[in-house]
Amino acid sequence: MVSWEVIAKATAFIAEEMGAALRRSAFSPNIRERADLSCAVADSEGRIVAQAEHIPVHLGSFRVGVANLLEWLEREGVELGEGDMVVVNDPYIAGTHLNDVMLLAPVYYGGRLVGYVVNKAHHVDVGGPVPGSMNPAAKTIYEEGLVIPPVKLVKKGVVDRELMRIIAENFKSQTAVGDLSAQVAANLRGIREVSALVGKYGLSAVAEAWERAVEHARELTTRAMSEWPVGAYEAEDYLEYGDRDLVIRARVELLGSKVRVDYTGTSENVEAPLNAVYGVTFAASAFPVKCLVGEDVPVNEGFYSTIEVYAPEGSLLNPRKPLPVSGGNVETSQRVVDVIFKALAEALPGKVPAASSGTMMNVMIGGLHSDGSYWSYYETIGGGTGARPGKDGVSGVHVNMTNTMNTPVEVAERYYPIMYTRYTIREGSGGGGLYRGGDGIVRSFVLLEGSAVLSVLADRFRHRPWGLWGGEPGMPGRVRIIKPNGEVFEMPSKFTTTIYRGDEVVIETPGGGGIGPGILEVLSKKVPKPEKAQSCA
């Protein structure tokens, strides 16, 4: 009889294959080059049993988004038959933001439901008044783009061309149909491979293997958590909202076999795109826990089940619809990671890094070509990671809730009317200390034709990435627009403006915080054994 590990590993590889199919088939550089996509496999109950090593904010949200979607379909009396696929981007269901279009398909074998395959891909433009759709001035979700409720994009194996045309017309980008088709292809690949797995080993063996994989992940996670000191640890950090600071406050309880995170005291939701739907909040809460339990723990429902997250309804981390949420996915998620690491620095000083750059530095630009066709470009820019106990941080990488690659300069210049003038490490931007924070990035470009609308959604311009144990903070972010006559405009962390031919946009991302010599004293102290934890069952 085949070992359950063989089936579990094969299932994880299916998710990876789905991702490869999606990326290779996609039309937009954001998906094809930056790999801004994620894939997973769920069982017949919608529990995540395997996922690929893709984007943390997507992956953690699958647990919430798949459950929300299946609940919605059941409530509305919608049945997913063989050959159907349902599309949704409503963040209050799918769990991230409008740009992340989620496509879910059931897997049947011999007329029986085996499970589901699901993917998310970030579409560069999903409508709304600004190119890139992450509108810094949005007061409702309807000012961020087209909201797609759960609806069948594929019915009995046939793509609904009328629905596809409606979506494509509102998404504005010429790559929309190609990218959606790539998502369909990825799910078809997943369906084929899961069906082959069941055909080879049998339905009962696959179901048992998936159950064992979930239990195995839970066992490994609780074993790691049992070594942590039991207790409650608190911290807060801030997001920049105009001249105000929005507070994210967390109480993290280590309970021996479970982690409980309570965000009571966090700022209320706002009429700005910094709200994070619960799916994002859960994903961002799970990420630092995964970092601390170690890389050998597979990420599935077994791991996720050890984490409890409470975010008060109507808060920044669990907003009420229809408040906007595009930046919650990309910026607020980063700050959630920071605040949990900050809270646990006292409990696990030998494991927790200083703050990383703390922003995805989202850049969106678009307009009309000379022939009247529309173009829209989006990218995130990496920064420095925080220093680690015993090691310096890493320079010029995407950190925490993003795991994308960069957009190669050659690709961006081929498809869009921009020319890059600089792309280099921002030397010295990491915080000093016994272990230095990683340095950020300088990336600048010039607009080559006409005019374009430029939006930036970023953070850490005022509140620098913090250091630990006497380490210095990293340098803050900075964006400048330089006119052809040399006039320089210093820009805030969140804005939309019009730029013109010859204008240069210079972006400098934050460096990570440093770790000071105080870490040596902390680590030299005799660490008491953790208290015996009470059962959390």
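**Figure 1. Seven strands are arranged in an open, antiparallel sheet in the order β2-β1-β5-β4-β3-β6-β7.** The edges are formed by β2 (48-51) and β7 (158-159), each of which pairs on one side only. Strands here are DSSP runs of E with at least two residues, and helices are runs of H or I with at least four, both numbered from the N terminus; two strands pair if DSSP finds at least two bridges between them. The model is predicted: local features need pLDDT of at least 70 and side-chain atom pairs count only at pLDDT 80 or more, while totals for chains, interfaces and linings use all residues. Residues are numbered from 1 along each chain as its sequence is written, and side-chain values use heavy atoms, with hydrogens and water left out.

**Figure 2. Strands β12 and β13 form a hairpin with five residues between them.** Strand β12 (residues 362-368) pairs with β13 in the antiparallel sense over seven bridges. Val363 lies opposite Glu379 in β13. In the turn, Gly372 has a positive phi of about 90°. Strand β13 (residues 374-380) is largely enclosed by the rest of the structure, because six of its seven residues are buried. Buried means under 20% relative accessible area, exposed over 50%, and partly exposed in between, with a 1.4 Å probe and protein chains only.

**Figure 3. Ile340 is found in helix α10 (residues 326-344).** Ile340 counts as buried because its relative accessibility is 1%. Leaving aside residues up to four places away in sequence, Ile340 touches Val252, Val261, Tyr263, Ala284, Ser285 and Pro288; a contact means heavy atoms within 4.5 Å. Glu508 is 168 residues from Ile340 along the chain, and their C-alpha atoms are separated by 26 Å.

Figure 4. The C-alpha trace spans about 70 × 70 × 40 Å along its principal axes. Of the 537 residues in the chain, 61% are buried. Among contacts with a separation of 6 or more, 73% are between residues 24 or more positions apart. The chain exposes about 20800 Å², and carbon and sulfur atoms supply 50% of this area, as computed by the Shrake-Rupley method with a 1.4 Å probe.
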